[in-house]
Amino acid sequence: MTKEDHTGLPFMKMHGLGNDFVVLDARAREIDVTPALAQALGDRHRGVGFDQLAIMTNEADDLHLKFYNADGSVSGACGNATRCIARHVMQETGQSSLRLITERGVLTAEDAGDGLTSVNMGHPQFDWADIPLAHEMDTLSLPIEGTPVATGMGNPHCTFFVDDVDVVDLATFGAAHENHPLYPERTNVQVAQIIGDDHIRMRVWERGVGITLASGSSSCATAVAAARRGLAGRSVQIDLDGGKLHVDWREDGVWMTGPTTHVFSGTLTSAFLAGLT
(Lines give C-alpha, C1' and ligand atoms only; values in the text may rest on other atoms or scores of the structure.)
Protein backbone atom coordinates (compact mmCIF):
# COMPACT_ATOMS: atom_id res chain seq x y z
CA MET A 1 0.00 0.00 0.00
CA THR A 2 1.39 3.39 -0.97
CA LYS A 3 1.55 6.28 1.42
CA GLU A 4 -1.22 8.83 0.91
CA ASP A 5 -0.05 11.99 -0.89
CA HIS A 6 -1.04 14.94 1.30
CA THR A 7 0.70 17.48 -0.95
CA GLY A 8 -1.40 16.77 -4.04
CA LEU A 9 -4.50 18.48 -5.38
CA PRO A 10 -7.98 17.13 -4.54
CA PHE A 11 -10.56 16.94 -7.32
CA MET A 12 -14.04 15.63 -8.00
CA LYS A 13 -15.20 13.71 -11.08
CA MET A 14 -18.81 14.40 -12.07
CA HIS A 15 -21.05 13.97 -15.08
CA GLY A 16 -24.42 15.02 -16.39
CA LEU A 17 -25.75 12.41 -18.84
CA GLY A 18 -22.22 11.29 -19.64
CA ASN A 19 -21.00 14.85 -20.29
CA ASP A 20 -18.12 14.56 -17.80
CA PHE A 21 -16.11 17.01 -15.75
CA VAL A 22 -13.23 17.36 -13.37
CA VAL A 23 -14.02 19.92 -10.68
CA LEU A 24 -11.34 21.73 -8.66
CA ASP A 25 -12.48 23.47 -5.47
CA ALA A 26 -10.47 26.68 -5.06
CA ARG A 27 -12.80 28.20 -2.48
CA ALA A 28 -10.44 27.47 0.41
CA ARG A 29 -7.08 27.27 -1.38
CA GLU A 30 -5.54 29.06 -4.33
CA ILE A 31 -5.08 26.88 -7.41
CA ASP A 32 -2.99 28.03 -10.36
CA VAL A 33 -4.97 26.64 -13.30
CA THR A 34 -3.13 26.89 -16.60
CA PRO A 35 -3.99 25.60 -20.09
CA ALA A 36 -1.21 23.02 -19.57
CA LEU A 37 -2.91 21.71 -16.41
CA ALA A 38 -6.27 21.59 -18.19
CA GLN A 39 -4.81 19.67 -21.12
CA ALA A 40 -2.97 17.22 -18.87
CA LEU A 41 -6.04 16.55 -16.74
CA GLY A 42 -8.21 16.19 -19.82
CA ASP A 43 -6.03 13.43 -21.29
CA ARG A 44 -8.07 10.24 -20.81
CA HIS A 45 -4.94 8.07 -20.98
CA ARG A 46 -2.37 10.05 -18.98
CA GLY A 47 -4.62 12.25 -16.84
CA VAL A 48 -8.15 11.90 -15.52
CA GLY A 49 -10.20 12.73 -18.63
CA PHE A 50 -13.07 15.14 -19.04
CA ASP A 51 -15.12 17.13 -21.51
CA GLN A 52 -14.68 20.26 -19.36
CA LEU A 53 -12.67 21.31 -16.32
CA ALA A 54 -14.55 23.46 -13.79
CA ILE A 55 -12.94 25.68 -11.14
CA MET A 56 -14.95 26.80 -8.10
CA THR A 57 -13.93 30.02 -6.31
CA ASN A 58 -15.57 32.36 -3.80
CA GLU A 59 -15.56 36.08 -4.51
CA ALA A 60 -17.55 38.55 -2.38
CA ASP A 61 -19.54 35.63 -0.90
CA ASP A 62 -20.63 34.48 -4.38
CA LEU A 63 -19.72 31.15 -5.94
CA HIS A 64 -17.80 31.72 -9.19
CA LEU A 65 -17.24 29.08 -11.86
CA LYS A 66 -14.68 29.06 -14.66
CA PHE A 67 -14.55 26.38 -17.35
CA TYR A 68 -11.84 24.96 -19.59
CA ASN A 69 -12.22 22.60 -22.54
CA ALA A 70 -10.12 19.46 -22.93
CA ASP A 71 -7.78 21.28 -25.35
CA GLY A 72 -7.00 23.90 -22.68
CA SER A 73 -9.16 26.66 -24.16
CA VAL A 74 -11.61 28.59 -21.98
CA SER A 75 -15.33 27.83 -22.27
CA GLY A 76 -17.76 30.65 -21.53
CA ALA A 77 -20.54 28.37 -20.28
CA CYS A 78 -21.11 24.74 -19.36
CA GLY A 79 -24.68 23.94 -18.40
CA ASN A 80 -24.25 20.36 -17.25
CA ALA A 81 -21.18 21.19 -15.12
CA THR A 82 -23.10 24.09 -13.61
CA ARG A 83 -25.92 21.74 -12.66
CA CYS A 84 -23.48 19.17 -11.20
CA ILE A 85 -21.69 21.77 -9.07
CA ALA A 86 -24.97 23.36 -8.01
CA ARG A 87 -26.22 19.97 -6.79
CA HIS A 88 -22.96 19.42 -4.88
CA VAL A 89 -23.10 22.83 -3.18
CA MET A 90 -26.81 22.51 -2.35
CA GLN A 91 -26.14 19.16 -0.68
CA GLU A 92 -23.14 20.66 1.10
CA THR A 93 -25.04 23.68 2.44
CA GLY A 94 -28.63 22.42 2.70
CA GLN A 95 -29.84 25.14 0.32
CA SER A 96 -32.54 24.43 -2.25
CA SER A 97 -31.42 27.24 -4.56
CA LEU A 98 -28.31 29.32 -5.14
CA ARG A 99 -26.58 31.85 -7.39
CA LEU A 100 -23.55 31.02 -9.47
CA ILE A 101 -21.38 33.59 -11.26
CA THR A 102 -19.88 32.58 -14.62
CA GLU A 103 -18.62 34.40 -17.69
CA ARG A 104 -22.21 33.96 -18.89
CA GLY A 105 -23.38 36.11 -15.98
CA VAL A 106 -25.37 35.35 -12.83
CA LEU A 107 -27.06 31.94 -13.09
CA THR A 108 -29.72 30.59 -10.73
CA ALA A 109 -29.90 26.91 -9.81
CA GLU A 110 -32.72 25.07 -8.02
CA ASP A 111 -33.41 21.63 -6.63
CA ALA A 112 -36.14 20.34 -8.97
CA GLY A 113 -36.98 17.28 -6.85
CA ASP A 114 -36.59 13.58 -7.64
CA GLY A 115 -32.81 14.03 -7.76
CA LEU A 116 -33.02 16.54 -10.62
CA THR A 117 -31.34 19.94 -10.75
CA SER A 118 -32.44 22.99 -12.75
CA VAL A 119 -30.33 25.93 -13.84
CA ASN A 120 -31.34 29.12 -15.60
CA MET A 121 -28.77 29.54 -18.39
CA GLY A 122 -29.85 33.12 -19.09
CA HIS A 123 -31.35 34.76 -22.14
CA PRO A 124 -30.27 33.50 -25.57
CA GLN A 125 -28.30 35.82 -27.85
CA PHE A 126 -29.51 36.34 -31.42
CA ASP A 127 -27.50 39.32 -32.64
CA TRP A 128 -24.60 38.32 -34.91
CA ALA A 129 -22.10 40.41 -32.94
CA ASP A 130 -23.05 38.86 -29.59
CA ILE A 131 -22.75 35.22 -30.68
CA PRO A 132 -20.26 36.24 -32.28
CA LEU A 133 -20.26 35.79 -36.07
CA ALA A 134 -17.75 37.20 -38.53
CA HIS A 135 -20.11 39.82 -39.97
CA GLU A 136 -23.74 40.89 -39.97
CA MET A 137 -26.23 38.26 -41.17
CA ASP A 138 -29.57 36.62 -40.39
CA THR A 139 -28.82 34.30 -37.46
CA LEU A 140 -31.99 32.29 -38.11
CA SER A 141 -30.71 31.12 -41.49
CA LEU A 142 -26.95 31.09 -41.94
CA PRO A 143 -25.42 31.05 -45.44
CA ILE A 144 -24.02 27.56 -44.85
CA GLU A 145 -25.23 24.40 -46.59
CA GLY A 146 -28.11 23.11 -44.47
CA THR A 147 -29.06 26.69 -43.38
CA PRO A 148 -28.30 26.22 -39.68
CA VAL A 149 -29.36 28.55 -36.88
CA ALA A 150 -26.80 30.55 -34.87
CA THR A 151 -27.43 31.09 -31.15
CA GLY A 152 -25.35 32.44 -28.30
CA MET A 153 -25.72 30.80 -24.88
CA GLY A 154 -22.44 32.02 -23.42
CA ASN A 155 -20.84 29.86 -26.12
CA PRO A 156 -21.46 30.15 -29.87
CA HIS A 157 -23.75 27.46 -31.32
CA CYS A 158 -24.59 26.27 -34.83
CA THR A 159 -27.70 24.08 -35.04
CA PHE A 160 -28.58 21.98 -38.09
CA PHE A 161 -32.05 20.43 -38.38
CA VAL A 162 -31.91 17.08 -40.18
CA ASP A 163 -34.24 14.17 -40.92
CA ASP A 164 -32.14 11.60 -39.04
CA VAL A 165 -29.35 12.58 -36.66
CA ASP A 166 -27.98 9.04 -36.48
CA VAL A 167 -26.94 8.90 -40.13
CA VAL A 168 -24.76 12.02 -39.80
CA ASP A 169 -21.01 11.33 -39.60
CA LEU A 170 -20.69 13.67 -36.64
CA ALA A 171 -16.91 13.31 -36.29
CA THR A 172 -16.37 14.67 -39.79
CA PHE A 173 -19.33 17.04 -39.82
CA GLY A 174 -18.62 18.57 -36.42
CA ALA A 175 -14.91 19.08 -37.00
CA ALA A 176 -15.56 20.78 -40.34
CA HIS A 177 -18.11 23.25 -38.95
CA GLU A 178 -16.45 23.98 -35.59
CA ASN A 179 -13.85 26.00 -37.47
CA HIS A 180 -16.16 27.57 -40.06
CA PRO A 181 -14.95 31.07 -41.01
CA LEU A 182 -18.32 32.56 -40.02
CA TYR A 183 -17.44 31.70 -36.37
CA PRO A 184 -14.26 33.58 -35.39
CA GLU A 185 -14.23 31.96 -31.91
CA ARG A 186 -15.18 28.50 -33.28
CA THR A 187 -18.56 26.98 -32.44
CA ASN A 188 -20.39 24.08 -30.86
CA VAL A 189 -22.20 22.10 -33.56
CA GLN A 190 -25.56 20.39 -33.08
CA VAL A 191 -27.53 18.13 -35.38
CA ALA A 192 -31.17 17.97 -34.31
CA GLN A 193 -34.19 15.95 -35.39
CA ILE A 194 -37.73 17.07 -34.56
CA ILE A 195 -39.67 14.17 -33.02
CA GLY A 196 -42.72 16.21 -32.00
CA ASP A 197 -43.88 19.63 -30.79
CA ASP A 198 -42.18 19.05 -27.44
CA HIS A 199 -39.58 16.42 -28.32
CA ILE A 200 -36.19 16.76 -30.05
CA ARG A 201 -33.38 14.26 -30.67
CA MET A 202 -29.93 15.90 -30.72
CA ARG A 203 -26.27 14.98 -31.09
CA VAL A 204 -23.45 17.40 -30.38
CA TRP A 205 -19.86 18.26 -31.25
CA GLU A 206 -18.32 20.68 -28.73
CA ARG A 207 -15.58 23.10 -29.71
CA GLY A 208 -12.28 22.23 -28.11
CA VAL A 209 -13.57 18.78 -27.14
CA GLY A 210 -15.22 16.81 -29.96
CA ILE A 211 -18.22 14.49 -29.76
CA THR A 212 -19.83 14.48 -26.32
CA LEU A 213 -22.68 12.37 -24.94
CA ALA A 214 -24.55 15.50 -23.86
CA SER A 215 -24.21 19.27 -23.68
CA GLY A 216 -26.33 21.60 -21.59
CA SER A 217 -25.69 24.85 -23.44
CA SER A 218 -26.11 23.02 -26.77
CA SER A 219 -29.45 21.63 -25.60
CA CYS A 220 -30.59 25.13 -24.68
CA ALA A 221 -29.41 26.53 -28.03
CA THR A 222 -31.18 23.76 -29.95
CA ALA A 223 -34.45 24.25 -28.07
CA VAL A 224 -34.31 27.98 -28.74
CA ALA A 225 -33.44 27.47 -32.42
CA ALA A 226 -36.34 25.04 -32.88
CA ALA A 227 -38.78 27.47 -31.24
CA ARG A 228 -37.53 30.38 -33.37
CA ARG A 229 -38.00 28.27 -36.50
CA GLY A 230 -41.51 27.27 -35.41
CA LEU A 231 -40.50 23.61 -35.32
CA ALA A 232 -41.26 23.03 -31.62
CA GLY A 233 -42.72 24.72 -28.56
CA ARG A 234 -40.72 26.55 -25.93
CA SER A 235 -40.78 23.64 -23.46
CA VAL A 236 -39.16 20.49 -24.88
CA GLN A 237 -37.50 17.21 -24.04
CA ILE A 238 -34.06 16.81 -25.60
CA ASP A 239 -32.91 13.22 -26.20
CA LEU A 240 -29.10 13.10 -26.25
CA ASP A 241 -26.74 10.17 -26.67
CA GLY A 242 -26.27 10.15 -22.87
CA GLY A 243 -29.87 10.65 -21.74
CA LYS A 244 -32.66 13.21 -21.51
CA LEU A 245 -32.77 16.88 -20.54
CA HIS A 246 -35.79 19.15 -20.26
CA VAL A 247 -35.40 22.69 -21.59
CA ASP A 248 -37.95 25.43 -20.89
CA TRP A 249 -37.48 28.83 -22.57
CA ARG A 250 -39.22 31.20 -20.14
CA GLU A 251 -39.48 34.96 -19.83
CA ASP A 252 -36.55 35.04 -17.38
CA GLY A 253 -34.23 32.83 -19.43
CA VAL A 254 -33.67 29.28 -20.64
CA TRP A 255 -34.10 26.72 -17.86
CA MET A 256 -32.49 23.30 -18.16
CA THR A 257 -33.35 20.37 -15.90
CA GLY A 258 -31.77 16.94 -15.60
CA PRO A 259 -29.86 14.44 -13.42
CA THR A 260 -26.32 14.79 -12.10
CA THR A 261 -23.77 12.30 -10.79
CA HIS A 262 -20.77 12.76 -8.49
CA VAL A 263 -18.75 9.72 -9.55
CA PHE A 264 -15.73 9.89 -7.24
CA SER A 265 -13.27 12.16 -5.48
CA GLY A 266 -9.50 11.80 -5.73
CA THR A 267 -6.16 13.54 -5.42
CA LEU A 268 -3.73 14.52 -8.15
CA THR A 269 -0.28 13.51 -6.96
CA SER A 270 2.52 15.97 -6.39
CA ALA A 271 4.59 14.01 -8.94
CA PHE A 272 1.89 14.45 -11.61
CA LEU A 273 1.65 18.18 -10.89
CA ALA A 274 5.43 18.62 -10.89
CA GLY A 275 5.58 17.04 -14.32
CA LEU A 276 3.58 19.93 -15.76
CA THR A 277 6.26 22.53 -15.07
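His64 stands opposite Ile101 in β6, in a model that is predicted. This bridge can be read with the pairing of strand β4 (residues 62-69) and strand β6 (residues 97-102), which run parallel and are joined by two bridges. Strand β6 also pairs with β7, here in the antiparallel sense and over six bridges, and a hairpin of two residues joins β6 to β7.

Gly113 stands opposite Leu116 in β8, and in the hairpin of β7 and β8, which has two residues between the strands, Asp114 takes a positive phi near 55°. Strand β8 is joined in turn to strand β16 (residues 253-259) by five bridges, and these strands run antiparallel; there, Asn120 has Trp255 in β16 as its bridge partner. Because four of the five residues of strand β8 (residues 116-120) are buried, this strand is largely enclosed by the rest of the structure.

| Strands | Sense | Bridges |
|---|---|---|
| β4 and β6 | parallel | two bridges |
| β6 and β7 | antiparallel | six bridges |
| β8 and β16 | antiparallel | five bridges |

Another strand, β14 (residues 235-240), contains Asp239. With a relative accessible area of 13%, Asp239 falls under the 20% cut-off and is therefore buried. The side chain of Asp239 makes a polar contact of 2.5 Å with the side chain of His199, and a polar contact of 3.4 Å joins the side chains of Asp239 and Lys244.

The largest pocket holds about 190 Å³ of space. Of the 10 residues that line the largest pocket, Leu9, Ile31, Asp32, Leu37 and Leu273 are the closest to its centre. Taken by class, the lining of the largest pocket consists of five nonpolar, two polar and three charged residues.

Terms used
Residues numbered from 1 in each chain as written. Predicted model: local features only at pLDDT ≥ 70, side-chain atom pairs only at ≥ 80, totals over all residues. Heavy atoms only, no water. Buried < 20%, exposed > 50% of the residue type's maximum accessible area, 1.4 Å probe, protein only. Polar contact = N/O pair within 3.5 Å; in protein donor to acceptor, adjacent residues only side chain to side chain. Pairing = 2+ DSSP bridges. 1 Å grid on protein atoms, 1.4 Å probe; cavity = no way out; pocket = protein on both sides within 12 Å on 5 of 7 lines; lining within 4 Å. Points joined across faces, edges and corners; volume = space filled by probe spheres on them. Nonpolar A, V, L, I, M, F, W, Y, C, P; charged D, E, K, R; others polar.
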